[in-house]
Amino acid sequence: MEATERSQLRRLPDRGSHESEVIHKILDDGFLAHVGFQVQGQPFVTPTLYGRDGDTLYLHGSAASRMLRELDTGMPACVTVTLVDGLVLARSAFNHSMNYRSVMAFGTAKKIADAAEKTRALHVVSVHVLKGRWKDVRGPTEQELKATAVLRFAIEEASAKVRQGPPLDNEEDYSLPVWAGVLPLKLVSQEPIPDPRMVEGVEEPEYVRNRSDRA
Ligand SMILES: Cc1cc2nc3c(=O)[nH]c(=O)nc-3n(C[C@H](O)[C@H](O)[C@H](O)COP(=O)(O)OP(=O)(O)OC[C@H]3O[C@@H](n4cnc5c(N)ncnc54)[C@H](O)[C@@H]3O)c2cc1C
């Protein structure tokens, strides 16, 4: 992916990448983004779900959402996705760190007006968050579609930053009798909790039972 001044890593650039493959993989492993935008000089950073199709991210929400309304004006925005992989415990306070994979994507968004395209975009978001779910549920009605804003965020440029591996201590600190290493962290799904109002005899779907752990 093309990098300009805006997405050029200056701090620890060796941890960075502009490779589409690296960026797409991180975007696919996550499902929660933070969208940064500015309204009259006030920055807002709003957490939201997303789905990816190529270099497009689909964002959705209430038609009344300020974030979606403001983004639709075409203002520049930054979508950040962060996957936390571990706490990096060094021998010195200074060298503590984190293992992570993150993406910062820059671009602008536009509301999707066409109902068929909107439904397709919602399908992309649904598949991204929980593959298999869309086909099992009642689809959106015309009224529900109207109440939902769906935006197409076109990634103009993006950067990835990745830290992996053990702590990096100062050479003289390696002899200190301090426990050092990585405490891996992972977001894992727990035992599903069936809704008490569910009609009898409905089996737990395979994608709920075996939801693969997401970062
Ligand atoms: C889970 C996590 C925890 C972190 N904790 C800290 C912390 O406590 N303190 C701290 O200083 N930093 C932390 N970082 C790193 C932080 O995200 C920045 O990379 C770092 O602070 C440098 O910022 P900068 O503005 O100087 O970056 P610059 O290198 O000046 O940024 C220039 C460009 O590089 C790219 N870029 C920078 N950072 C990232 C990133 N993380 N992911 C993708 N692209 C990036 C963007 O395109 C950005 O516009 C953390 C990162 C993660 C993912």
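This report describes the fold, the nonpolar cores, an aromatic pair and some individual residues of a predicted model.

**Overall fold**

The secondary structure of the chain comes to five helices and nine strands. In sequence order, the elements follow the pattern β-α-β-β-β-β-α-β-β-α-α-β-β-α. The C-alpha trace spans about 65 × 50 × 30 Å along its principal axes. The chain has 215 residues, of which 36% count as buried. It exposes about 13200 Å², and carbon and sulfur atoms supply 55% of that area. Among contacts between residues at least 6 apart in sequence, 74% join residues at least 24 apart.

In soluble globular proteins, nonpolar side chains tend to be buried together. In this chain, the largest nonpolar core has 27 residues, and Leu27, Leu59, Leu71 and Phe153 are those with the most contacts inside it. At least two residues of this core come from each of helix 1 (20–29), strand 2 (32–39), strand 5 (56–62), helix 2 (66–71), strand 6 (77–89), strand 7 and strand 8 (148–163). Strand 8 gives the most to this core, with six residues. Another core, of eight residues, lies apart from the largest one; Ile112, Ala121, Leu145 and Val150 are among its members.

Leu27 is in contact with Tyr50, Arg52, Leu57, Val81, Val103, His128 and Ile155, leaving aside its neighbours within four places in sequence.

**The aromatic pair**

A pair of aromatic rings is described by the distance of the centres and the angle of the planes. The count for this model comes to one aromatic pair. The ring centres of Phe37 and Phe44 are 5.8 Å apart and the planes stand at 25°, so the pair is stacked; the cut-off for stacking is under 30 degrees.

Phe44 lies in strand 3 (residues 42–49). Not counting residues up to four places away in sequence, Phe44 touches Val35, Gly36, Phe37, Val39 and Arg66. The C-alpha atoms of Phe44 and Met67 are separated by 8.4 Å, and these two residues are 23 apart along the chain.

**Burial of selected residues**

| Residue | Relative accessibility | Class |
|---|---|---|
| Phe37 | 4% relative accessibility | buried |
| Ser102 | 16% relative accessibility | buried |
| Phe44 | 22% relative accessibility | partly exposed |
| Leu87 | 32% relative accessibility | partly exposed |

Buried means under 20% relative accessible area. Ser102 counts as buried because its relative accessibility is 16%, whereas Phe44, at 22%, counts as partly exposed.

Ser102 lies in strand 7 (residues 97–111). Leaving aside neighbours within four places in sequence, Ser102 is in contact with Ile26, Val81, Thr82, Ser159, Ala160 and Lys161.

**A nonpolar surface patch**

Which residues form a nonpolar patch on the surface? They are Val84, Leu87, Met98, Leu183 and Leu185, with about 360 Å² of accessible area together. One of them, Leu87, lies in strand 6. At 32% relative accessibility, Leu87 counts as partly exposed.

Conventions. Residues are numbered from 1 along each chain as its sequence is written. This is a predicted model: local features need pLDDT of at least 70, side-chain atom pairs count only at pLDDT 80 or more; totals for chains, interfaces and linings use all residues. Side-chain values use heavy atoms; hydrogens and water are left out. Helices (H or I, at least four residues) and strands (E, at least two) are DSSP runs, numbered from the N terminus. Buried means under 20% relative accessible area, exposed over 50%, partly exposed in between (1.4 Å probe, protein chains only). Contact means heavy atoms within 4.5 Å. A nonpolar core is a set of buried Ala, Val, Leu, Ile, Met, Phe, Trp, Tyr and Cys residues joined through side-chain atoms within 4.5 Å. Patches are made of residues with over 30% relative accessible area and no salt bridge: like charges are joined within 9 Å, nonpolar side chains (Val, Leu, Ile, Met, Phe, Trp, Tyr) within 5 Å. Accessible areas come from the Shrake-Rupley method with a 1.4 Å probe; for residues, only the protein chains shown count as cover. A salt bridge is a side-chain nitrogen of Lys or Arg within 4 Å of a carboxyl oxygen of Asp or Glu. Rings of Phe, Tyr and Trp (its six-membered ring) pair if their centres lie within 6.5 Å; planes under 30 degrees apart count as stacked, over 60 as edge-to-face and the rest as tilted.
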